[in-house]
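Subject: Structure handover

Hello,

Here is the structure I promised to pass on. Please open it first, then read the notes below.

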Amino acid sequence: ANKVADVVWLTADVHYTAAHRYSPERAVFTEFDEFWEFVSGPLNAGAFGPNQLDGTFGPEAVYVHAPPVQNSSPLDAFQHFGEVRIDGKSRELTVDLCDAAGSVLFSKSLAPASR
């Protein structure tokens, strides 16, 4: 079997911030290894909530920071950006989802797959 390890999706053209974990245990299509998607935006635009997640790859919304109303003003504190760091020694990847002031709202560290 062709195995693909250490896949992380970074999604930016959205209007909220979130961390999604995709798992074959919850999925319609099951021939894949678990992976993460980190969503972040906008930095200065109206903010929206997410749509319903498609069940094909078994998503779980681990973290979501979205406004309660659609197209909320940038002054309503739903402006976001993300930061990604990779430790050179451990090869661990850390994703921080931040608000516009730079406060970390959610952080996730992922160890590389065993080789």
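Let me start with one residue. Ser72 is buried, at a relative accessible area of 3%. Buried means under 20% relative accessible area, exposed means over 50%, and partly exposed lies in between, with a 1.4 Å probe and protein chains only. Ser72 sits in the loop between strand 4 and strand 5 (80-86). Leaving aside residues up to four places away in sequence, Ser72 touches Ala45, Gly46, Ala47, Pro67 and Phe78. A contact here means heavy atoms within 4.5 Å.

Some ground rules. This is a predicted model, in which local features need pLDDT of at least 70 and side-chain atom pairs count only at pLDDT 80 or more, while totals for chains, interfaces and linings use all residues. Residues are numbered from 1 along each chain as its sequence is written, and side-chain values use heavy atoms, with hydrogens and water left out.

**The chain as a whole**

The protein chain has zero helices and seven strands. Its pattern along the sequence is β-β-β-β-β-β-β. Helices (H or I, at least four residues) and strands (E, at least two) are DSSP runs, numbered from the N terminus. The C-alpha atoms fill a box of roughly 50 × 35 × 20 Å, taken along the principal axes. Of the 115 residues, 34% count as buried. Take the contacts between residues at least 6 apart in sequence: 56% of them join residues at least 24 apart. The accessible surface comes to about 7300 Å², and 52% of it belongs to carbon and sulfur atoms. Areas come from the Shrake-Rupley method with a 1.4 Å probe; for residues, only the protein chains shown count as cover.

Two strands pair if DSSP finds at least two bridges between them.

Strand 1 runs parallel to strand 3 (residues 35-39), and four bridges join them. Leu10 stands opposite Phe38 in strand 3. Thr11 stands opposite Val39. Strand 2 pairs with strand 3 in the antiparallel sense, over five bridges. There, Arg21 stands opposite Trp36.

How many residues of strand 3 are buried? Five of its five. Both faces are covered: Phe35, Glu37 and Val39 are buried on one side, and Trp36 and Phe38 on the other.

**The nonpolar core**

The largest nonpolar core has nine residues: Ala19, Trp36, Phe38, Tyr63, Leu93, Val95, Leu97, Phe106 and Leu110. Such a core is a set of buried Ala, Val, Leu, Ile, Met, Phe, Trp, Tyr and Cys residues joined through side-chain atoms within 4.5 Å. Strand 3, strand 6 (93-99) and strand 7 (104-110) each supply at least two of its residues. Strand 6 gives the largest share, three residues. Tyr63 touches Thr17, Ala18, Ala19, Leu97, Leu105 and Phe106, not counting residues up to four places away in sequence.

**The salt bridges**

There are four salt bridges in the structure. Each is a side-chain nitrogen of Lys or Arg within 4 Å of a carboxyl oxygen of Asp or Glu.

Arg21 bridges to Glu34, with the closest N and O atoms 2.5 Å apart. Arg21 lies in strand 2 (residues 17-22) and Glu34 in the loop between strand 2 and strand 3, so the pair ties together parts 13 residues apart in sequence. Glu34 is partly exposed, at 41% relative accessibility.

Arg21 also forms a salt bridge with Glu60, the closest N and O atoms being 2.9 Å apart. This pair links strand 2 to strand 4, 39 residues apart. Glu60 is partly exposed, at 30%.

Glu60 in turn bridges to Arg26, at 3.8 Å between the closest N and O atoms. Glu60 is in strand 4 and Arg26 in the loop between strand 2 and strand 3, so parts 34 residues apart in sequence are tied together. Arg26 is partly exposed, at 36%. Through shared partners, Arg21, Arg26, Glu34 and Glu60 join into one network.

Best wishes
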